[in-house]
Amino acid sequence: MAILITPTTKIIVQGITGDFGGRHAKLSLDYGTQVAAGVTPGKGGQFFEHAGHKVPIFNSVADAAKATGATVSVIFVPPPFAGDAILECVDAGLDLAVAITEGIPVRDMVRVKRAMQGSKTRLLGPNCPGVVTPGTGKDSHGGCRIGIAPGYIHKKGHVGVVSRSGTLTYEAVFQLTSKNIGQTTCVGIGGDPVNGTSHLDVIKLFNADPETHGIIMIGEIGGNAEVEAARWIRANCTKPVAGFIAGATAPAGRRMGHAGAIVGGAEDTAAAKIAVFKECGIEVAITPSDMADALLRAAKAKGVTLS
Amino acid sequence: MNIHEYQAKALFEKFGVAAPKGTTATTPEGFITALAALPEGPTMVKSQIHAGGRGKGTFTNGYKGGVKFCKTKAEALDIAGKMLGHTLVTAQTGPAGRKVQTIYFTVASDIKKEYYLAILLDRASSKPVIVASTEGGMDIEAVAHDTPEKLFKVLVDPAYGLADFQVRDLITRLGLAGAEAKNAAKLIRNLYTMFWETDAAMLEVNPLITTPTGDVLALDAKVSFDSNALYRHPEIVALRDLNEEDPKEIEASKFSLSYIALDGNIACLVNGAGLAMSTMDIIQHFGGTPANFLDVGGGASKDQVIAAFKIILGDPNVKGILVNIFGGIMDCNVIATGIVEAVKEVGLKLPLVVRLEGNNVAAGKATLAASGLALVSGDTMADAAQKIVKLVA
């Protein structure tokens, strides 16, 4: 079992008729992902066609879910409408909403997150690369690719990856695959200050997943999500964990691309987070080139086989 | 996005947050008119720059203090002349300082006691938090560290808004009663309304003061807004002061590049914020110093790469460039072609190390090799970082 999604998961693409959503819907179809429906208000009844696939488009998420049995939606709609798009997934009772959109106002996300309390829907993102459960085919074809990650760099296997950053996730996955170490699921939780699923939420899922033998956790300066996850790992997780924190050289008070990557106080610097990682038994990757090797060191120390 | 104190005070007035009466001037002639609008008596003269630490700052002409108390308006007129048009260096401006282009005059209030009040986002709970303290006028980080019992926090439920009992609770803990309590309650409620309705990222009032007559006033104001929400606040966008921003950062934003100048000598050009940050880190790890943060985004088009090279080369400290691209979806060959064209167009003479990885990388590397340019190829991030550090050493 992977976490969150499997190769049979049926997905909805909100914003499938836009450039960005359409391009990535095609790449997911090429990867073998079950893209069951698209949603664009006003275009219900039309079809999204690509390489022999004919994906029906609906006016609402509820209609799409009811007609196709899809349980997960990926959101590519522009920032002013993205909060509403997330709430539509909640209203339709989906299991998972994955918000790729970058630039959603914080106030919108504060309201959305409050409105999601007590609902069954989990949110990944926003401002995230999405989530991939690799398949067994060539270049991991046949897996479930939700979002914008390059599918081909993955390989089915036993390592879980969780990260706030897109390209840094690809870097870690690429290192693993190059060393012939596969992944169960790779999860991007997004670079915004208010997001749905946290590092800790994903770590708990990986810990409970028997197929996952080791975990790479990638974080950034700002906030205390990585610290919270690290403390839980020390108390509860027996699997080998490697960690990396980006932003050691970032000056305080400056936003480093991601809205959430900003040093506010002494507790959310890279140095402070790395110190907590070490204290909690997490093997720290010294440079971003060292992420897969760090996990190999952690696995060796615990006598765990990753491949 | 940050704004000046006088702009923040104008917003305070709009939302019913009490502050001392103030006026601004941008020319020496303007001083007379501005001061005429204030009553005779003690007056504050305040340099308007975005950076903090103004009171303890020093002008490059040697004059000390960017915020001054004056006993009379005549004295204020004289002091304002020492500040306007001069460059103020504070702990937050860096050695270059900032040129003072606006002077803000306010009535100097009688202070009974100073407090601290701020509203910002609490990331852990994803809710707005009001932070207040009886220790006003101090460095709040130091208060939080040394005397946490003097710092009070109230989390606001976004579904309900700020509740009356929460306001009463804060006021009680601040030790306010009578007219002070009533005035403070009004100020806190109105400040929260402003925070919510303007999509503020942070509102900080330090100090908030009580006066001998029972007034509660915001003496200073530091306000910033969520950049993602500016599309729905044209009135706030209009307050942007480009003089306060790095011209290279303004240029970068025109091309959807996220650029931040730093003080090292190795420039970097990277796709993705996390990868860009860690590229800076790895340069430092191998003994170099990064000259900037630069995220060209997920796509990295040719036009963006050219603009990025031009911005990087506008920094005279730059002695070498490291390009680090993980072409996940984008074809590495398209990116390589963009790099070659950009290097030729800007006539690059500095050492350049390129690390390309991802989709169609072999063709991309071949394009770089066939370009005839004197660039060095790096295989991994570590390899590329070591190479550029060695080349600029």
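In this predicted model, helix α10 (residues 302-313) of chain B packs against helix α11 (residues 332-346) of chain B at an angle of about 40°, and their axes lie 9 Å apart. That angle makes α10(B) oblique to α11(B), and the crossing is right-handed.

**The α10(B)/α11(B) contact**

- On the α10(B) side, the contact is made by Lys302(B), Val305(B), Ile306(B), Phe309(B), Lys310(B) and Leu313(B).
- Facing them from α11(B) are Gly338(B), Ile339(B), Glu341(B), Ala342(B), Val343(B), Glu345(B) and Val346(B).

- Gln175(A) sits in helix α5 (residues 166-178) of chain A.
- With a relative accessible area of 10%, Gln175(A) is buried, because buried means under 20%.
- Leaving aside residues up to four places away in sequence, Gln175(A) touches Pro288(A), Ser289(A), Asp290(A), Met291(A) and Ala292(A).
- Met291(A) is 116 residues from Gln175(A) along the chain, yet the C-alpha atoms of the two are separated by 7.6 Å.
- From Gln175(A), the side chain reaches the backbone nitrogen of Ala292(A) at 3.1 Å.

**Cis peptide bonds**

- In chain A, Gly125(A) and Pro126(A) are joined by a cis peptide bond, with omega about 10°.
- Pro126(A) lies in the loop between β7 (122-124) and β8 (130-133) of chain A.
- In chain B, a cis peptide bond links Asn206(B) to Pro207(B), again with omega about 10°.
- Pro207(B) belongs to strand β11 (residues 200-210) of chain B.

- Asp139(A) has phi near 55°, which is a positive value in a residue other than glycine.
- This aspartate, Asp139(A), is in the loop between β8 and β9 (144-147) of chain A.
- Asp139(A) is partly exposed, at a relative accessible area of 42%, because that value falls between the 20% limit for buried and the 50% limit for exposed.
- Ser140(A), another non-glycine residue with a positive value, has phi near 65°.
- The loop between β8 and β9 of chain A also holds Ser140(A).
- Ser140(A) counts as buried, at 3% relative accessibility, whereas Asp139(A) is partly exposed.

Note on methods: Residues are numbered from 1 along each chain as its sequence is written. Chains are lettered from A and ligands numbered from 1 in the order in which they are written. This is a predicted model: local features need pLDDT of at least 70, side-chain atom pairs count only at pLDDT 80 or more; totals for chains, interfaces and linings use all residues. Side-chain values use heavy atoms; hydrogens and water are left out. Axes are lines fitted to C-alpha atoms, for helices over the stretch in contact, and angles run from 0 to 180 degrees between N-to-C directions. Helices (H or I, at least four residues) and strands (E, at least two) are DSSP runs, numbered from the N terminus. Angles under 35 degrees count as roughly parallel, over 145 as roughly antiparallel, 65 to 115 as roughly perpendicular and the rest as oblique. A crossing is left-handed if the near helix is turned anticlockwise from the far one by less than a right angle, and right-handed if clockwise. Contact means heavy atoms within 4.5 Å. Buried means under 20% relative accessible area, exposed over 50%, partly exposed in between (1.4 Å probe, protein chains only). A polar contact is a pair of N or O atoms within 3.5 Å; within protein, one must be able to donate a hydrogen and the other to accept it, and residues adjacent in sequence count only if both atoms are side-chain atoms.
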